[in-house]
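Open your viewer, get the selection tool ready, and let's walk along the surface together.

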Amino acid sequence: STPYRNYPPHCFRHGKKHRLNQRTIAMASKAAIAKVAREIFGRVPTNQFGKNGHRAMKKDLTGFYDNRYYPESIEKAARTVDPTWTTDEYDRRQKKLADLRRRGKGPPTKGQGKRASKGKK
């Protein structure tokens, strides 16, 4: 019910109710113009009190370079052509797994894991 209810908070400094002057109106209209300009031209609003991530968004995307550095393996395509095709790494893993199984250190068969063997004491 007070006539000052719709005024912006900066009009009430030190508990006193000041009348809106031309400068305050000009500042409010500048802010409104800036807001509309940001919406029209797609500019990033400036954040005076913290980071807004604009610097990170400006950086070039690196996915192309990552794919070039870590190329996809041809293993899947090669196995469709020749099912007996293997790599040296695959052979080494199979040999290691066979050695572990011989010593009893291999993976348990399905349903024979730690949780299943807990209640069988």
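Start by selecting Lys51, Arg55, Lys58 and Lys59, which gather in a patch of positive charge on the surface. Patches are made of residues with over 30% relative accessible area and no salt bridge, joining like charges within 9 Å and nonpolar side chains (Val, Leu, Ile, Met, Phe, Trp, Tyr) within 5 Å. A salt bridge is a side-chain nitrogen of Lys or Arg within 4 Å of a carboxyl oxygen of Asp or Glu.

This is a predicted model, where local features need pLDDT of at least 70 and side-chain atom pairs count only at pLDDT 80 or more, while totals for chains, interfaces and linings use all residues. Residues are numbered from 1 along each chain as its sequence is written, and side-chain values use heavy atoms, leaving out hydrogens and water.

Now click on Arg55, in helix α2 (residues 54-58); helices are DSSP runs (H or I) of at least four residues, numbered from the N terminus. Its relative accessibility is 69%, so Arg55 counts as exposed (over 50%; buried is under 20%, partly exposed in between, with a 1.4 Å probe and protein chains only).

Next, select Val36, Ile40 and Phe41: they make a nonpolar surface patch of about 330 Å². Phe41 belongs to helix α1 (residues 22-41) and is exposed at 60% relative accessibility.

Finally, look for rings: a search of the whole structure finds two aromatic pairs. Phe64 and Tyr65 have ring centres 5.4 Å apart and planes at 75°, so this pair is edge-to-face (centres within 6.5 Å, planes over 60 degrees apart). Tyr69 and Tyr70 also pair edge-to-face, at 4.8 Å centre to centre and 85° between the planes.

Technical notes:
Areas by Shrake-Rupley, 256 points an atom, 1.4 Å probe, with all protein chains shown as cover. Lys, Arg positive; Asp, Glu negative; His and termini not counted. Charge placed at Lys NZ, Arg CZ, Asp CG, Glu CD. Helix = DSSP H or I, 4+ residues; strand = E, 2+ residues; numbered from the N terminus. Phe/Tyr/Trp six-rings, centres within 6.5 Å; stacked < 30°, edge-to-face > 60°.
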